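Trainee: Could you take one part of this structure and go through it closely? I would like to see how it sits against its surroundings.

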Amino acid sequence: MRVKVVCVGGGPAGLCLALLLKRQDPAHDITVHERDPEGSTYGWGVTYWRGLLDRLRAYDPETAHAIEAHSVRWTDGVAHVGDLTTRHHGDEGFGIGRHRLLGLLAARARALGVRLEYGSTQTRPPADADLVVAADGVHSALRTGRAERFGTHVTPGRNPYLWLGTTKVFDAFTFAFTETPHGWIWAYGYGYSGDHSTCVVECAPETLTGLGLDRAGPGEGLALLEKLFARVLDGHPLVARPDASWTTFRTLTNRTWHDGNVVLLGDAAHTTHYSIGAGTTLALEDAMCLADALRAHPLPEALAVYERRRRTALLSAQSAARHSARWYENLPRYIHLPPHRMFALLGQRHSPLLPYVPPQLYYGLDKAAGRLEPLRRFKRWLGPRAARALQARTERLR
């Protein structure tokens with residue numbers, strides 16, 4: 001059956017859904033409205049893992065191949081703690097420029113017959129659409145206009161952060177922790193092209209004000225950060241967008257993801273802390289799930305199926321994101337461990353058990369679990385159950 005779909009928001013979620021629906025049925029009438037001009041985008045690079053490519057390949061091999069071909073990859077993680085360094089070998093990770101990713105998705109959508117309308121602002125659902133997809137991000141105008149119906153809830157984070165780029169190309173996913181007279185400040189760095197990397201800087205609120213970064217002009221602030229992270233930048237500059245500013249992460253949830261024929265997708269529906277590097281992956285997985293539901297079910301039922309499946313799938317990522325953010329908020333608890341132990345617990349920061357177990361003891365138990373299969377099974381059994389219990393407790397307290 002021919003369906004008229006309007007996607008509001010030309011980010012990864014909206015573009016991916018549009019091309020998947022058009023690929024499923026070329027008769028669908030699909031338009032993507034993006035308020036910004038074509039080619040303009042915020043952010044630097046985004047990360048993802050092999051599993052996303054495998055899932056996307058099952059839906060559209062051409063898109064998966066194009067994304068992989070334009071990505072850089074790494075297998076190591078490196079932590080610089082003061083003057084000490086530790087390196088661990090891990091799973092294969094990927095980085096791609098957000099600008100490049102959007103260009104690839106837009107080109108594929110156009111090739112399949114999707115209409116892309118740039119510089120087009122949509123604040124109300126079009127009356128003649130069968131389905132309206134709010135994929136216009138965390139500040140979604142469509143969702144805000146129905147905030148009470150969607151039950152939107154925003155929880156601000158504690159630590160300020162700043163999203164930057166650099167011409168230093170990191171050969172591994174890099175963590176750098178620098179101690180200052182006002183506390184620790186740290187950066188996450190990863191390559192996304194042959195000549196640029198993303199560099200996200202974070203610290204506690206008192207460190208930001210103590211260093212004067214909250215009052216510094218753009219040039220002065222970048223110069224101080226370049227000095228603080230000189231060891232990992234190797235003389236390369238940090239680069240900021242003209243509108244870059246320190247902010248705190250906002251965790252957004254909604255009581256429901258659909259209202260009538262309007263459905264939320266990606267960051268308009270949910271956000272997860274940037275420290276787990278899953279935002280783009282979750283947005284594309286939302287698109288794949290909604291495309292599946294629309295293929296298998298009529299419209300009203302499809303939206304309910306999509307929401308139910310994605311809510312369940314997101315439990316693990318949302319739990320990981322909450323605990324990851326808290327790990328950094330409680331950095332003094334871990335930072336004075338030997339670097340290899342601190343890095344090991346950095347890798348375990350998603351665990352709901354870690355905040356309640358002394359770090360040295362947790363490290364020893366985790367090492368033992370790695371050697372003993374019964375302990376590994378118990379850890380895999382306990383972790384998700386603890387996450388679900390904590391999530392249920394959080395929902396009851398709202």
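Mentor: The buried residues of helix 2 pack against helix 1 (12-24), strand 3 (45-49), helix 3 (61-69), strand 5 (84-97) and helix 10 (279-296). Helices (H or I, at least four residues) and strands (E, at least two) are DSSP runs, numbered from the N terminus. This is a predicted model, in which local features need pLDDT of at least 70 and side-chain atom pairs count only at pLDDT 80 or more, while totals for chains, interfaces and linings use all residues. Residues are numbered from 1 along each chain as its sequence is written, and side-chain values use heavy atoms, with hydrogens and water left out.

Helix 2 covers residues 50-59, and its buried residues are Leu52, Leu53 and Leu56. Buried means under 20% relative accessible area (1.4 Å probe, protein chains only). Seen down the axis of helix 2, these residues fall within an arc of 95°, so they line one face of the helix. The arc is that of the directions from the helix axis to the C-beta atoms.

Now take one partner, helix 3. It packs with helix 2 at an angle of about 150°, and the axes are 6 Å apart. Axes are lines fitted to C-alpha atoms, for helices over the stretch in contact, and angles run from 0 to 180 degrees between N-to-C directions. The two helices are therefore roughly antiparallel, a term for angles over 145 degrees. Helix 2 makes the contact (heavy atoms within 4.5 Å) through Arg50, Leu53, Leu56, Arg57 and Tyr59, and helix 3 through Pro61, Thr63, Ala64, Ile67 and Glu68.

Conventions:
Buried < 20%, exposed > 50% of the residue type's maximum accessible area, 1.4 Å probe, protein only. Parallel < 35°, antiparallel > 145°, perpendicular 65-115°, else oblique.
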